[in-house]
There are 2 protein chains.
Amino acid sequence: MATAPWKQLLLNALESNSHLKHSSYFQLATIGVNGRPSNRTVVFRGFQDNSDKIQINTDGRTRKIEELKHCSFVEICWYFTDSWEQFRINGKIDIIDGSNPDLHKLQQREKSWFANSLKSRLQYLGPNPGLPSLSEHTQPNTSLDPSTGPVEAFCLLVLDPDQVDYLNLKSNQRLTYRSSVSATAEKMWSMERLNP
Amino acid sequence: MATAPWKQLLLNALESNSHLKHSSYFQLATIGVNGRPSNRTVVFRGFQDNSDKIQINTDGRTRKIEELKHCSFVEICWYFTDSWEQFRINGKIDIIDGSNPDLHKLQQREKSWFANSLKSRLQYLGPNPGLPSLSEHTQPNTSLDPSTGPVEAFCLLVLDPDQVDYLNLKSNQRLTYRSSVSATAEKMWSMERLNP
């Protein structure tokens, strides 16, 4: 599988902004169940294996899961604050929860679970996100054995990019990458230079 | 007009992150003409007068204008990287370009134009954004008289917020503010504490 031509640009941006904790945060836009846009910050959990697919972890009880079940198309907007680069990545998201019938996908979910810190894993045992908070107290300290596999609420999202728009505000360059599927069912990328 | 209760939280976040140039940048999600989400970084241009309406400047030739004409509902996601606060602000956008029949709105557009630096204003005279770039050369230096009013491409967007979701990742607090219209046609806000 050939590497997507925009992937190296993204890896470079991650490298040159790696001193900033928030450089792995981006904004994920979905279509709300009411048909209006929905937008929130999520954390980059790496590319899947050696592909150009982007991994995100989320709680299966959040509203975005319901939204993605209605419409799986999303657009990521990822702005790197130090290098002034923006990536707009759109494509389709595959939701991988514990009920997934595909064994390989379940293994990917498990791998992603163990790649999280224990503290991050504990969040998936907290109260239902987005529901009214019933108490002002902090939650009692739940504990989790480090060897325990993914809990029910843990969800792996995998974005398969269709199109990537790259903007560099320092060089004032804008490039757009579009994918297509070849006769041999291979994903091909074409690039065009656009006015910023 | 009463101040929206979330506005002070946002003003505080702007103040405590003001040493960061990118603290005035946020991500604006719209619905694409193809029905898929669209997401990009834009710059906060202040509240309109003393209201809770959020101003954005854009080039009328960008795709977002076409999208907003199809669906004027948007969601802003604004993450403050130093204070770890996120505001998700959704509502409707009013597009104010030079053809607007409302004289007061045209004045607001003009005010917003002159609030921009000369360098920012010059961008609206550049080649059509998003179209293929015809040359690798930088554009010839166009010049603009500082007293010249808004050019045709200059557009003021005004977001009237409906709902604001506030998340503080340091205190692990989440608050949601919903607006409603009272019997006397006044906008009222209610607040609820949610699980983060």
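1. Let's start with how the two copies sit relative to each other in this predicted model.

2. A word on conventions. Residues are numbered from 1 along each chain as its sequence is written, and chains are lettered from A in the order in which they are written. Local features need pLDDT of at least 70 and side-chain atom pairs pLDDT 80 or more, while totals for chains, interfaces and linings use all residues; side-chain values use heavy atoms, with hydrogens and water left out.

3. Next, the interface. Contact (heavy atoms within 4.5 Å) links 41 residues of chain A with 41 residues of chain B. Because 100% of the interface residues of chain A are also interface residues in chain B, the copies meet through the same surface.

4. How much area do chain A and chain B bury between them? The value is about 3,600 Å², with 54% of it on carbon and sulfur atoms; buried area is the accessible area (1.4 Å probe) that two parts lose on being put together, summed over both. On the chain A side, A:Pro37, A:Asn39 and A:Asn195 lose the most area to chain B, together 19% of what that side buries.

5. Now the charged partners. Two salt bridges (a side-chain nitrogen of Lys or Arg within 4 Å of a carboxyl oxygen of Asp or Glu) are found across the interface of chain A and chain B. The side chains of B:Arg36 and A:Asp162 form a salt bridge, at 3.5 Å from N to O. By class, the side of chain A that touches chain B has 17 nonpolar, 13 polar and eleven charged residues; Gly is counted as polar here.

6. Finally, a stop inside chain B. B:Ser72 counts as buried because its relative accessibility is 16% (buried means under 20% relative accessible area, exposed over 50%, partly exposed in between, with a 1.4 Å probe and protein chains only). Leaving aside residues up to four places away in sequence, B:Ser72 touches B:Gly91, B:Lys92 and B:Ile93. The C-alpha atoms of B:Ser72 and B:Cys155 are separated by 15 Å, and these residues are 83 residues apart along the chain.
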